[in-house]
Amino acid sequence: MIGIFNDCYPPVIDGVSVTVRNYARWLNRKCGDVCVVTPSVPGTVYDEDFPVYDYFSLPIPMRRPYRMGLPAVDLDFRSRIGRVDFSLVHAHSPFSSGRLAMRLARQQGVPVVATFHSKYRADFERVIPNKAVVDYLVKGIVDFYDRADEVWVPQAGVEETLREYGYRGRVEIVDNGNDFATAGDISPLRAEGRAMLGLPPSVPALLFVGQHIYEKNPHLIIRALARLRDRSWHMYFVGTGYAADELRRLAVSKGLESRITFMGMVTDRERLKRCYAAADLFVFPSLYDNAPLVVREAAAMGTPALLAEGSTAAGVLAAGINGFTWPTACSSCWPVPPCSQPPAAMPARRWHGPGATWPTRCTTATYTSSAAVTAPR
């Protein structure tokens, strides 16, 4: 059994939880004998073709819907997971699920692959004012990756973050694949998406998908659009988070409530796919994200991204080829230059130049220790 461990899984939606589901689904189709291990979400009944072993958890204050897993106190879970014979475990988090993966792997003598996804120091610094405590917690994360048999990062630039934390071991770059990749004509999806959103053909659509948290700088989008009110556009925010209400208030204060739609969480993947296809530009000014899956999902639907220049996320872009970058030096306004043009004139949309189709070439899951499984390209 290949065990895939993470501290969240749908219905808790973020880039890592969706990545984990993609891993599990593709591995299950290719070779079977896969399971997911994750903290429980009350009331959730999993409808998957593979087992999901969930364990007792509590809500994390200020970070709903995330939950803190406590596998040690869940006796029924410990009994069930103790009967699973693993051939390999893949940890996508260094916290409760990752520590559990490490312990089970050592007990059973199987290899551990650990993927480094997030800028944990930034998460700690947001809630812990003491640098010594933050440094101690970061050291614990580095110690976790030091114990893994193989360490993966989902994008080349992410290695720099891990090195800054103090990790000195070997790293493999394994891109996160996405389930939106398609070799077909996207035009029907685009038409369906714009009809779904009620968008006329002449209005450029801008899209942000992700947690509504200040670390991702969504407020910069609203401030930028306030300076472009004389141009034609409509902005869509998909997701939720602790800053969602404040973002709505900001839109109202700028007089943009009729031109900005907050769609909330979109869990229907087909509906989300059509949102990406309908958009003319994916706007994502985050300096916080390492390798955001949403940028790959947008590109898979032929929609270029505008990213913060110098951000880790922008490392996959060739500016003007498969997306745009913009300096973040001006914190009060983040321009969105392409929105002044109608969709047909936007030079980066539907490009098939170098790098434009990289999401369809991503390997969804490749295990190099004891399994090698590659999803269809």
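The legends below describe close-up views of a predicted model.

**View 1. Packing of helix H4 against helix H5.** Helix H4, which spans residues 120–127, packs against helix H5, residues 131–147, at an angle of about 155 degrees, and the two axes lie 10 Å apart. Because angles over 145 degrees count as roughly antiparallel, H4 is described as roughly antiparallel to H5. The crossing in which H4 passes H5 is right-handed. On the H4 side the contact is made by Tyr120, Arg121, Phe124 and Glu125, while H5 contributes Val134, Asp135, Leu137, Val138, Ile141 and Tyr145. Sorted by class, the residues in this contact of H4 with H5 comprise seven nonpolar and three charged, with no polar residues.

**View 2. Packing of helix H8 against helix H9.** Helix H8 (residues 218–226) and helix H9 (residues 244–253) cross at roughly 10 degrees, their axes coming within 10 Å. Since angles under 35 degrees count as roughly parallel, H8 is taken to be roughly parallel to H9. The residues that make this contact are Pro218, His219, Ile222 and Arg223 from H8, together with Leu247, Leu250 and Ala251 from H9. Five of the residues in the contact of H8 with H9 are nonpolar, one is polar and one is charged.

**View 3. The largest cavity and its lining.** Two cavities of 30 Å³ or more are present in the structure, and the largest of them has a volume of about 50 Å³. Its lining is formed by Asp7, Cys8, Tyr9, Val12, Thr38, Pro39, Ser40, Val41, Pro65, Tyr66 and Arg67. By class, the lining of the largest cavity divides into seven nonpolar, two polar and two charged residues. Pro65, one of the lining residues, is also joined to Arg64 by a cis peptide bond, which is shown in the next view.

View 4. Most peptide bonds are trans. The bond that joins Pro10 and Pro11, however, is cis, with omega at about 25 degrees, and Pro11 belongs to the loop between strand E1 (2–5) and helix H1 (15–30). The peptide bond from Arg64 to Pro65 is likewise cis, with omega near 10 degrees, and Pro65 is found in the loop between strand E4 (57–59) and strand E5 (67–69).

**View 5. Surroundings of Tyr46.** Tyr46 is located in the loop between E2 and strand E3 (52–55). Although Tyr46 and Pro11 are 35 residues apart in sequence, their C-alpha atoms are 9.1 Å apart in space. When residues up to four places away in sequence are not counted, Tyr46 touches Tyr9, Pro10, Thr38, Pro39, Val41, Val52 and Asp54. Among these contacts of Tyr46 is Pro10, which takes part in the cis bond with Pro11, and they also include Tyr9, Thr38, Pro39 and Val41, which are found in the lining of the largest cavity.

View 6. Most residues other than glycine have a negative phi.

Key
Residues numbered from 1 in each chain as written. Predicted model: local features only at pLDDT ≥ 70, side-chain atom pairs only at ≥ 80, totals over all residues. Heavy atoms only, no water. Axes fitted to C-alpha atoms, helices over the stretch in contact; angles between N-to-C directions. Helix = DSSP H or I, 4+ residues; strand = E, 2+ residues; numbered from the N terminus. Parallel < 35°, antiparallel > 145°, perpendicular 65-115°, else oblique. Left-handed = near helix turned anticlockwise from the far one by under 90°. Contact = heavy atoms within 4.5 Å. Nonpolar A, V, L, I, M, F, W, Y, C, P; charged D, E, K, R; others polar. 1 Å grid on protein atoms, 1.4 Å probe; cavity = no way out; pocket = protein on both sides within 12 Å on 5 of 7 lines; lining within 4 Å. Points joined across faces, edges and corners; volume = space filled by probe spheres on them.
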